[in-house]
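Subject: Handover of a structure and the findings on it

Dear colleague,

I am handing over to you the structure shown below, together with an account of what was found in it. Please read the account with the structure open beside you.

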Amino acid sequence: MELRIIDHPLVSHKVTLLRDVNTPSTIFRELVGELVTLLAYEATREVRVTNIEVQTPITKTSGVSMLKPCPLVVPILRAGLGMLEGMMRLMPTAEVGFVGMVRDETTLQPFTYAERLPKDLSGRQCYVLDPMLATGGSLGGTVKFLVDRGADHITAICLMAAPEGVAHMRELVDPIGVPCTLVCAALDERLNENGYIVPGLGDAGDRLYGLAQ
């Protein structure tokens with residue numbers, strides 16, 4: 001698995017604002033969208049294209065078009081939904097699937113409660129959206145789920161990651177043999193005893209949407 005931490009002043013600026021406990025949900029959502037678009041620019045560097053010819057107002061010239069089948073964007077519910085708009089802003093012709101995966105707060109292990117994906121992903125590039133790579137269970141489980149359906153190239157986009165989550169992802173995906181890239185805005189210090197990223201930004205889903213009672 002390749003790890004890419006995006007070193008850019010605008011990325012760092014937006015990450016700092018996201019970390020601030022005083023940033024309200026409305027601004028938090030806007031920042032996430034902006035940040036994901038910046039990350040997606042780097043994450044889509046290997047998107048598959050084919051050569052085409054187009055007619056300009058002056059003459060014919062060569063160019064490229066995204067190869068079909070088009071990429072599949074997969075936000076992990078619920079927090080990954082907050083990243084979807086920023087991703088689709090850059091790649092509006094992509095298709096969207098969903099995986100609902102949550103972490104058991106006692107065992108810290110993930111389990112799937114919903115999915116809406118094509119049954120056959122053969123030859124598809126997939127872009128998985130998950131704000132926080134903490135233990136790596138949910139993201140790793142989703143990657144394996146996609147590979148089992150035939151996906152042959154996977155890029156995961158996270159706002160921030162913990163070293164423990166990155167290590168766990170490597171253990172899960174390296175033996176699979178499918179190219180996998182992890183693109184993050186920040187690599188944080190560690191996980192705390194509750195499995196949360198330190199310094200992190202808290203619970204991304206709650207900060208995006210509020211706490212459902």
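Predicted model: local features only at pLDDT ≥ 70, side-chain atom pairs only at ≥ 80, totals over all residues.

In passing α5, α4 makes a right-handed crossing. On the side of α4, the residues that meet α5 are Gly137, Leu139, Gly140 and Val143. Their partners in α5 are His168, Met169, Leu172 and Val173. By type, the residues of this contact between α4 and α5 comprise five nonpolar, three polar and no charged.

One residue of that contact may be considered by itself. Gly137 has its place in helix α4 and counts as buried, at 10% relative accessibility. From Gly137 to Leu159 there are 22 residues in sequence and 16 Å in space, taken from C-alpha to C-alpha.

A second pair of helices is formed by α2 and α3. In general terms, two packed helices are described by the angle between their axes and the distance between the axes. For α2 and helix α3 (residues 81-90), the axes come within 7 Å and cross at roughly 45°. The two helices α2 and α3 are therefore oblique to each other, and their crossing is right-handed. From α2, the contact draws on Val32, Gly33, Glu34, Val36, Thr37, Ala40 and Tyr41. These meet Gly82, Met83, Gly86, Met87, Arg89 and Leu90 in α3. The residues of the contact of α2 with α3 fall into seven nonpolar, four polar and two charged.

I turn next to the salt bridges, of which the structure holds 13. Among them is the one in which the side chains of Lys14 and Glu34 meet, at 2.8 Å from N to O. Lys14 belongs to helix α1 (residues 9-19) and Glu34 to helix α2 (residues 25-43), so this pair ties together parts that are 20 residues apart in sequence. Lys14 is buried, its relative accessible area being 13%. Glu34, by contrast, counts as partly exposed at 34% relative accessibility. Glu34 is also one of the α2 residues that meet α3.

Another salt bridge joins Arg48 to Asp152, with 3.2 Å between the closest N and O atoms. Arg48 sits in the loop between α2 and β2 (49-55), and Asp152 in the loop between α4 and β10 (153-161), so the pair ties together parts that are 104 residues apart in sequence. Arg48 counts as partly exposed, at 28% relative accessibility. Asp152 likewise counts as partly exposed, at 30%.

Within helix α4, what separates Asp148 from Lys144? They are four residues apart, which amounts to about one helical turn. The side chains of Asp148 and Lys144 meet in a salt bridge, at 3.2 Å from N to O. Asp148 is exposed, with a relative accessible area of 57%, whereas Lys144 is partly exposed, with 46%.

Salt bridges also link a group of residues in a network, namely Glu2, Arg4, Glu42, Arg45 and Glu46.

Two further residues complete this account. Thr23 is found in the loop between α1 and α2. Is Thr23 buried or exposed? At 12% relative accessibility, Thr23 counts as buried. Leaving aside residues up to four places away in sequence, Thr23 touches Leu17, Phe28, Leu31 and Arg207.

Leu38, for its part, has its place in helix α2 and is partly exposed, with a relative accessible area of 31%. Leaving aside residues up to four places away in sequence, Leu38 touches Leu10, Val11 and Lys14. Lys14 is the residue whose side chain meets that of Glu34 in a salt bridge. Leu38 and Ala156 are separated by 118 residues in sequence, and their C-alpha atoms are 14 Å apart in space.

With kind regards

Methods:
Residues numbered from 1 in each chain as written. Heavy atoms only, no water. Left-handed = near helix turned anticlockwise from the far one by under 90°. Contact = heavy atoms within 4.5 Å. Nonpolar A, V, L, I, M, F, W, Y, C, P; charged D, E, K, R; others polar. Salt bridge = Lys/Arg side-chain N within 4 Å of Asp/Glu carboxyl O. Buried < 20%, exposed > 50% of the residue type's maximum accessible area, 1.4 Å probe, protein only. Axes fitted to C-alpha atoms, helices over the stretch in contact; angles between N-to-C directions. Parallel < 35°, antiparallel > 145°, perpendicular 65-115°, else oblique.
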